[in-house]
Amino acid sequence: IELDEEEDDDEFNEQNDADIAQMTQAYQTQLDSFDAAAVITRVSAEERDALVAEVMRLMLFSQYRDGAPVLRADVSKLISSVSSARGLTSWIVAQAQVKFMSIFGYEMKELSRATAKKTGAARHNLDADPPKVYVLKSALPAAARQRWVDRSEDHAARGFCMTVCALVHMSGGTLPEDRLWQHLEAMGLRRDDEAHPKLGDAKAALARLIKKRYLIREKLHGATNEAGGDAYGVTLAERAKDE
């Protein structure tokens, strides 16, 4: 029996390595498509490595601070603050993407930041290209993450995220916040609960989903909440749509 388990582990590890190698190669191909010669004349190898390290540090810090995506504009600003050379962002990001995959097994994925639907005068910016953001995602298959990475203490937060996103999706993509809390309270999670045994402060748990860009919270024009004040609704943001 022990031999069979060892053989299963070998097959499991080989499949994981193959999957990560394939994703790494895809990012390497993207990096190879750049005109490196034009960039190398502007930055030394040491400066390039330093810039890549700074970008990776920014991504890791954001991931473990609050999980919020990093705006491409912030990445560009960081690179400009370290190097006087211009036009390096795409090349440095491509370098970082390869290193994240090959070293950490993380995908530094680019997403288009989702925006809530606008009406009336607020529609004037809809034609503009949405800003780009970067998130870190584990490249391990689900079975491998469950076996080696996932922590049992994170299951409640993950389940809460999936439940909320599912409720919004089943409501057509937009759900008034009061209605969302009605659904959650029917499941046993009260809006005023500040000491839930698994999630802690219920309102803070929802706010984290907005911060991490699973949800967008926006004022509902012409509507009021149960208390007679401004009503808000939530829609799915880019991370919910991607994952």
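Reader: How far is the sulfur of Cys165 from the closest cysteine sulfur?

Author: The distance is 4.2 Å, to the sulfur of Cys161, and that is too far for a bond. A disulfide here needs a pair of cysteine sulfur atoms within 2.5 Å. This is a predicted model, where local features need pLDDT of at least 70, side-chain atom pairs count only at pLDDT 80 or more, and totals for chains, interfaces and linings use all residues. Residues are numbered from 1 along each chain as its sequence is written, and side-chain values use heavy atoms, with hydrogens and water left out.

Reader: How many disulfides does that rule give in total?

Author: The count is zero disulfides. Cys161 is in none, its nearest cysteine sulfur being that of Cys165.

Reader: Is Cys161 buried or exposed? And Cys165, buried or exposed?

Author: Cys161 is buried at 11% relative accessible area, and Cys165 is buried at 12%. Buried means under 20% relative accessible area, exposed over 50%, and partly exposed in between, with a 1.4 Å probe and protein chains only.

Reader: Changing topic. How many salt bridges are there?

Author: The whole structure has 15 salt bridges. Each is a side-chain nitrogen of Lys or Arg within 4 Å of a carboxyl oxygen of Asp or Glu.

Reader: Which residue does Lys211 pair with?

Author: Lys211 forms a salt bridge with Asp66, with the closest N and O atoms 3.9 Å apart. Lys211 lies in helix H9 and Asp66 in the loop between helix H3 (45-65) and strand E1 (70-71), so the pair ties together parts 145 residues apart in sequence. Helices (H or I, at least four residues) and strands (E, at least two) are DSSP runs, numbered from the N terminus.

Reader: What else is in that network of salt bridges?

Author: Arg65 is linked with Asp66 and Lys211 in the network. As for cover, Lys211 is partly exposed at 47%, and Asp66 is partly exposed at 21%.

Reader: Where do Lys219 and Asp230 lie?

Author: Their side chains meet in a salt bridge at 3.5 Å, N to O. Lys219 lies in strand E5 (residues 215-224) and Asp230 in strand E6, so this pair ties together parts eleven residues apart in sequence. Lys219 counts as partly exposed at 36% relative accessibility, and Asp230 does so at 41%.

Reader: Which backbone nitrogens does the Asp193 side chain reach?

Author: The Asp193 side chain reaches the backbone nitrogen of Ala195 at 3.0 Å and that of His196 at 3.2 Å. Asp193 is in the loop between helix H8 (177-186) and helix H9 (202-211).

Reader: What is Asp193 in contact with, leaving aside neighbours within four places in sequence?

Author: Gly200, Asp201 and Ala202. Contact means heavy atoms within 4.5 Å.

Reader: And Thr235, where is that?

Author: Thr235 lies in strand E6 (residues 230-236). Thr235 is buried, with a relative accessible area of 15%. Leaving aside neighbours within four places in sequence, Thr235 has contacts including Ala116, Val168 and Tyr214.

Reader: How many helices and strands overall?

Author: The protein has ten helices and six strands. Of its 243 residues, 33% count as buried.

Notes: Polar contact = N/O pair within 3.5 Å; in protein donor to acceptor, adjacent residues only side chain to side chain.
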